[in-house]
Amino acid sequence: MRTLLVDHHADFARAVRVALGDSGFAVDVVGTLEQASSALCCASYEILLLELALPDGDGLGWLRQLRNDGHSVPAVIMSSLNDLEKRIAIFNGGADDFLLKPVFTDELIARMRAIRRRATQMTDPIVVFGNLNFDPIGRQVSVAGHPLIIARREVCILEHLLNRAGRIVPRAQLEDHLYAFNDEVSGNALEVGIYRLRGHLSRSGATAGIKTVRGIGYILELTHAAAA
């Protein structure tokens, strides 16, 4: 999940960013509402983690304005405020969840995944393409019913390609989904991930393969074996 964390407490933000990164999230960290607004204009986020008391204003008022402007990105408020009326105002203001600081990162990750689960509860969350199955909640990949163990980054690549199976995914769009602004990424990191993922799919007998569209990006398509 591409995540925007809005919190000006550097040590806390760093700890959350590391924990989420280890669990497969791409996290951008900003410390002000102005920076948060700029980030939302530059990237597409799947979840927002928001502190209320920020140097340049009230996070809840900013969230209300986001909702009034039509932004539907799920929002988790994290705050040391533990007043019942304030918590009610938080949910009425457009928040999807609330966590009292200090935040335990395992609980935060579980709540973020629960929000994602709720977003897909009206449909089958399992993505199927040929004999390839992907569970976006459990982050599990299988081929013809057999588990396929691949690295976290390759799972993220596969997820994005699966969500757009049969369509070209521009390289820039794929990189935007995979990496946060401050990630240290080598020039060929995406190519290496694609290469490794292709190898896993081929060796496992998957009927889906990744085709490079030179100068544009990549496409996940069924192989001739699948069509036969």
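Predicted model: local features only at pLDDT ≥ 70, side-chain atom pairs only at ≥ 80, totals over all residues.

Guide: Residues are numbered from 1 along each chain as its sequence is written, and side-chain values use heavy atoms, with hydrogens and water left out.

Visitor: What is the radius of gyration of the protein chain?
Guide: The chain has 9 helices and 14 strands, where helices (H or I, at least four residues) and strands (E, at least two) are DSSP runs numbered from the N terminus. The globule rule (2.2 Å times the number of residues to the power 0.38) goes with a radius taken over C-alpha atoms. For 228 residues the rule gives 17 Å, and the chain comes close to that, so it is as compact as a globular protein of that length, with a radius of gyration of 19 Å.

Visitor: What percentage of the residues count as buried?
Guide: Buried means under 20% relative accessible area, exposed over 50%, and partly exposed in between (1.4 Å probe, protein chains only). Of the 228 residues in the chain, the buried share is 44%.

Visitor: Why do the buried residues of H3 line one face of the helix?
Guide: H3 covers residues 59-68, and its buried residues are Gly59, Leu60, Trp62, Leu63 and Leu66. The arc is that of the directions from the helix axis to the C-beta atoms. Seen down the axis, these buried residues line one face because they fall within an arc of 160°.

Visitor: Which residue just after H3 takes a positive phi?
Guide: The phi there is about 95°. The residue is Gly70.

Visitor: Which elements cover the buried residues of H7?
Guide: In H7 (171-178), Leu174, His177 and Leu178 are buried. They sit on the same side of H7, since their arc around the axis is only 95°. Going by contact (heavy atoms within 4.5 Å), the cover includes S1, S2, H6, S12, H8 and S14.

Visitor: Which residue in S10 stands opposite Asp135?
Guide: S9 (132-135) and S10 (140-143) run antiparallel, joined by 4 bridges. Opposite Asp135 stands Gln140.

Technical notes
Pairing = 2+ DSSP bridges.
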